[in-house]
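Please keep the structure in view while reading.

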Amino acid sequence: MKLGSSKIKKIVQTLKERYPVVKTQLVHETAFQLLIATIMSAQCTDNQVNKVSKVLFEQYPDPDTLSSATLNSLKKIIYSTGFYNNKAKNIKACALAVLKDYNGIVPEDIDKLVKLPGVGRKTANVVLSAAFGHQTIVVDTHVLRISKRLGLTDKKDPVKVEFELMEIIPKTSWKDISLQFIYFGREICDARKPLCNDCPLLNVCALKGKK
Ligand code: SF4
């Protein structure tokens, strides 16, 4: 997809001005804790994950302790994040893999990260950008929806959207634009009721308030 550079500039500049300082809402002290919190955040709000991870990381703060936890103990703690059976298995297996394969240190490499249990490109990109400062684009539900509405992509698959966005958005903005889209999605471009009349991107939006 080819897009006019003025449209991209307008989107990047507008979001940068509106949200000059952005950071992940998932509370964490280490890259490992962010990795585990992000796995738990699938189909769950950041607020709920933060409540759960406070309890989880008090007892199991690192790969050593978390990989030794019983599945039952993990399921009880993370129950309220949903899909707790799978998530408990994944976070325990992920902790064990980080411990055994990487000496307890989360790898700073997307190819290694996506091989860890429960980790897909979205989770890997969250860790790379928020914990290590890499320029990556995280395609979550907000980024997917807003990219389509703005006309930046016509794809549905998050990985294809990630690669399309990387082609049209300057690399220096990759890390922030994902979070800016998330802030913008919560404030203006809501999934059900987008506030198109108040939207600073109305003029460049493909949907132009038709929803
Ligand atoms: Fe979203 Fe409406 Fe703004 Fe388009 S005009 S980006 S649909 S809020």
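**The interface and a covered helix**

Across the interface of domain 1 and domain 2, two salt bridges are found, a salt bridge being a side-chain nitrogen of Lys or Arg within 4 Å of a carboxyl oxygen of Asp or Glu. Arg-186 and Asp-46 form a salt bridge through their side chains, at 3.5 Å from N to O. The model is a predicted one, in which local features need pLDDT of at least 70 and side-chain atom pairs count only at pLDDT 80 or more, while totals for chains, interfaces and linings use all residues. Residues are numbered from 1 along each chain as its sequence is written, and side-chain values use heavy atoms, with hydrogens and water left out.

Domain 1 comprises 5-22 + 137-204 and domain 2 comprises 31-130; these bounds come from an automatic or database domain assignment. Nine residues of domain 1 and six residues of domain 2 take part in the contact, where contact means heavy atoms within 4.5 Å. The centres of the two domains, taken over C-alpha atoms, are 27 Å apart.

Between them, domain 1 and domain 2 bury about 570 Å², with 59% of it on carbon and sulfur atoms. Buried area here is the accessible area (1.4 Å probe) that two parts lose on being put together, summed over both. Of the area that domain 1 buries against domain 2, 57% is supplied by Val-138, Glu-162 and Lys-175, more than by any other three residues.

Helix H9 (residues 141-150) is mostly covered, with seven of its ten residues buried. Helices are DSSP runs (H or I, at least four residues), as strands are (E, at least two), numbered from the N terminus; buried means under 20% relative accessible area, exposed over 50%, and partly exposed in between (1.4 Å probe, protein chains only). Among the buried residues of H9 are His-142, Val-143, Ile-146 and Leu-150. The cover over the buried residues of H9 includes helix H1 (5-18), H10 and H11. At the start of H9, a side-chain oxygen of Asp-140 comes to within 3.0 Å of the backbone nitrogen of His-142. After H9 comes Gly-151, with a positive phi near 85 degrees.

Apart from neighbours within four places in sequence, Ser-173 is in contact with Val-12 and Gln-135.

How values were computed:
A polar contact is a pair of N or O atoms within 3.5 Å; within protein, one must be able to donate a hydrogen and the other to accept it, and residues adjacent in sequence count only if both atoms are side-chain atoms.
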